[in-house]
Amino acid sequence: MTDFPTALTGGCKGCKESPALDFEFEFAYQPIVDVRDRSVFAHEALVRGVNGEGALTVLSRVDDTNRYRFDQLCRTRAISTAARLGMASYLSINFLPNAVYRPEMCIRSTLEAAKANNFPLDRLIFETVESEQLGNNKHLTNILREYREFGFKTAIDDFGAGHSGLTLLADFQPDLIKLDMALVRNVHLDRARQAIVRGVVTMCKDLNVTVIAEGIEHTGERDFLANCGIYLMQGYWFAKPAFQALPPIDASVWQNA
């Protein structure tokens, strides 16, 4: 996609009323690999402190007064940094559903940032956690549908960790789900986890939803999941997040694959 929609006028009420942030942040990027051809499918933008401090040092300062501004800056800064680094893969950006006042208005700064940095809209993935407390799924599914209309891919992170995952999937089928790492951990040694993962893969295949396995730390996990038909993976086994950089994938991660 090369054309950009005309920026919407009026702006988002939440962002207009949100005060300027009194803290700074940057991003680290972690690859999501495609084990079929050993390529990088996407990079997830992970918030960090200005000196590379962990995400909690930043997220602990986000509250009801500044979450709109923070969410908007996360999007624009993730895009501008990815463009500066020469990212050619998809870029996956986490968003806060409760920081989206009206999706068609709140997306304005994202469109402007993509245009300013010549970053194609169809290489953006917006992901959110299905366990975030929203009361019901209506607001979230509305956001995801609007984002799809703009040409973005959509993803549900930590699938299987919350109470509403199956209901959410029934209401809206995102392009991707990220299997919660609690299901991935030592899955090659755990029959119960194996059965659950196989069931999720079968269900998602029927719904035309692609599964990403996150938190891969062992060749056994990698190989079992690949044998289940999961070909997109993320985790320390492949690469740790790199602060303001795109980490290389060492050839050794493919040993015995």
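Is cysteine 74 buried or exposed, and what is its relative accessibility? Cysteine 74 counts as buried, because its relative accessibility is 7%, which falls under the 20% cut-off. Please keep in mind as you look around that this is a predicted model. The protein chain holds 10 helices and 9 strands, and buried residues account for 48% of its 257 residues.

**The chain as a whole**

- Take the contacts between residues at least 6 apart in sequence: 71% of them join residues at least 24 apart.
- The accessible surface of the protein chain is about 12000 Å², and carbon and sulfur atoms contribute 49% of that area.

**Nonpolar cores**

- In general, nonpolar side chains tend to be buried together in soluble globular proteins.
- Here the largest nonpolar core contains 62 residues, and Leu91 and Leu225 have the most contacts inside it.
- Helix H3 supplies the largest share of this core, with 5 residues.
- Another core, of 8 residues, lies apart from it and includes Ile32, Ala42, Ile212 and Leu232.
- Leaving aside residues up to four places away in sequence, leucine 91 touches Tyr29, His43, Ala45, Ala78, Ile79, Ala82, Phe119, Arg123, Leu124 and Ile125.

- Helix H5 spans residues 108-116, and its buried residues are Thr110, Leu111, Ala113 and Ala114.
- These four sit on the same side of H5, because they cover an arc of only 165° around the axis.
- As background, an α-helix has 3.6 residues a turn, so residues three or four places apart point the same way.
- Lys115 and Ala116 are exposed on the other side of H5.
- The buried residues of H5 pack against helix H3 (67-84) and strand E4 (124-129).

- Which helix holds arginine 75? Arginine 75 is part of helix H3.
- Arginine 75 counts as buried because its relative accessible area is 0%, under the 20% cut-off.
- Its contacts, not counting residues up to four places away in sequence, are Ile93, Phe95, Val100, Ile107, Thr110, Phe126 and Tyr147.
- One of these, Thr110, is also among the buried residues of H5.

- Most residues other than glycine have a negative phi, which makes the next two residues worth a look.
- Arginine 38 has a positive phi of about 60° although it is not a glycine.
- Arginine 38 belongs to the loop between strand E1 (26-34) and strand E2 (39-48).
- With a relative accessibility of 47%, arginine 38 counts as partly exposed.
- Asparagine 118 is not a glycine either, yet has a positive phi of about 55°.
- Asparagine 118 counts as exposed because its relative accessibility is 62%, over the 50% cut-off.

**Cysteines**

- How many disulfides are there? The count comes to 0 disulfides, where a pair of cysteine sulfur atoms would have to lie within 2.5 Å.
- Cysteine 228 counts as buried because its relative accessibility is 18%, under the 20% cut-off.
- Cysteine 74, where we began, counts as buried at 7% relative accessibility.

Note on methods. Residues are numbered from 1 along each chain as its sequence is written. This is a predicted model: local features need pLDDT of at least 70, side-chain atom pairs count only at pLDDT 80 or more; totals for chains, interfaces and linings use all residues. Side-chain values use heavy atoms; hydrogens and water are left out. Helices (H or I, at least four residues) and strands (E, at least two) are DSSP runs, numbered from the N terminus. Buried means under 20% relative accessible area, exposed over 50%, partly exposed in between (1.4 Å probe, protein chains only). Contact means heavy atoms within 4.5 Å. Accessible areas come from the Shrake-Rupley method with a 1.4 Å probe; for residues, only the protein chains shown count as cover. The arc is that of the directions from the helix axis to the C-beta atoms. A nonpolar core is a set of buried Ala, Val, Leu, Ile, Met, Phe, Trp, Tyr and Cys residues joined through side-chain atoms within 4.5 Å.
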